[in-house]
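This report looks at aromatic rings, charges placed over rings, and nonpolar cores. Please keep the sequence and the structure in view while reading.

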Amino acid sequence: MDRTVLEWNGIFDRYNIKQKYANPEETVFHRSAVELGFLAGPRSAEGVNLSFAEDLSPVPETFLVFAQESALPWLKMSEGLMPVEVSSRLPLSSDLYSRFEWRTYANKVKFYMSLDRKPESDWELLLDGSVFDDGRSVPRELSVLVFVNNQEIGTWKIDGNFKRESFPIARKLMEESFHDDMRLVTLMLRLPEVPSLLENYLEVSTYGLRLNGMQIRPLTPEG
């Protein structure tokens with residue numbers, strides 16, 4: 001019989017194992033067709049989305065580029081993004097080259113990270129990305145609501161050109177993570193103009209966010 005979240009709760013309670021469901025929402029993975037190591041398929045053999053503190057990568061204080069292999073640990077503990085292979089022509093050449101970029105498949109993105117030191121100041125979130133809008137020569141502008149630990153910290157207005165923007169994170173939000181059992185930091189991006197998977201009949205959206213990278217760092221140097 002498949003193990004459900006409730007069954008896992010019973011097992012952990014019985015043996016007094018402390019754990020936390022950092023990502024209980026995702027049920028559809030759009031990764032199995034792509035050869036990206038441990039990103040292909042569910043994160044556990046039974047398909048239960050759970051994690052222990054050691055599964056979480058620290059907040060990326062240096063800029064994290066999702067197209068690079070070094071970003072895979074953060075992408076593993078995320079939901080809402082899928083890799084898409086795109087082809088481009090080399091400058092002054094007819095040759096094509098292919099690359100992967102990370103796109104939303106519905107109306108939200110979540111990252112699950114940890115904070116390993118006590119914050120001494122406010123922090124800053126940097127996001128880099130653009131809009132994809134298949135079938136349109138000029139992509140529509142997209143509004144992205146940005147949340148840290150379920151607290152809205154700003155709105156990101158983007159179009160078809162790559163744009164990097166910063167958002168302040170109040171120290172109290174980072175302190176909340178530092179005092180959490182898992183030191184859990186949750187970053188969520190919501191796209192209110194894009195339908196959810198259920199609203200879109202489980203079809204991948206043709207309009208959304210192309211996310212290139214991110215960084216979360218103190219606003220002032222900390223010792």
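How many aromatic pairs does a search of the whole structure find? In this predicted model, the search of the whole structure finds 1 aromatic pair. The partners are F66 and F111, whose rings are stacked, with 5.5 Å from centre to centre and 10 degrees between the planes. Because F66 belongs to the loop between β2 (64-65) and α2 (72-76), whereas F111 belongs to strand β6 (residues 108-114), the pair ties together parts that lie 45 residues apart in sequence. F66 is buried, and F111 is buried as well.

The surroundings of F111 extend beyond this ring pair. When its neighbours within four places in sequence are left aside, F111 is in contact with F66, W74, L75, M77, S78, L81, V185, T186, L187, L211 and M214. F111 is also, together with L187, one of the residues with the most contacts inside the largest nonpolar core, which has 39 residues. Strand β12 (residues 207-218) supplies the largest share of this core, namely 5 residues.

| Charged end | Ring | Distance from ring centre |
|---|---|---|
| R103 | F132 | 4.6 Å |
| R140 | Y207 | 3.9 Å |

Key: Residues are numbered from 1 along each chain as its sequence is written. This is a predicted model: local features need pLDDT of at least 70, side-chain atom pairs count only at pLDDT 80 or more; totals for chains, interfaces and linings use all residues. Side-chain values use heavy atoms; hydrogens and water are left out. Rings of Phe, Tyr and Trp (its six-membered ring) pair if their centres lie within 6.5 Å; planes under 30 degrees apart count as stacked, over 60 as edge-to-face and the rest as tilted. Helices (H or I, at least four residues) and strands (E, at least two) are DSSP runs, numbered from the N terminus. Buried means under 20% relative accessible area, exposed over 50%, partly exposed in between (1.4 Å probe, protein chains only). A charge sits over a ring if NZ of Lys or CZ of Arg is within 6 Å of the ring centre and within 35 degrees of the ring normal. A nonpolar core is a set of buried Ala, Val, Leu, Ile, Met, Phe, Trp, Tyr and Cys residues joined through side-chain atoms within 4.5 Å. Contact means heavy atoms within 4.5 Å.
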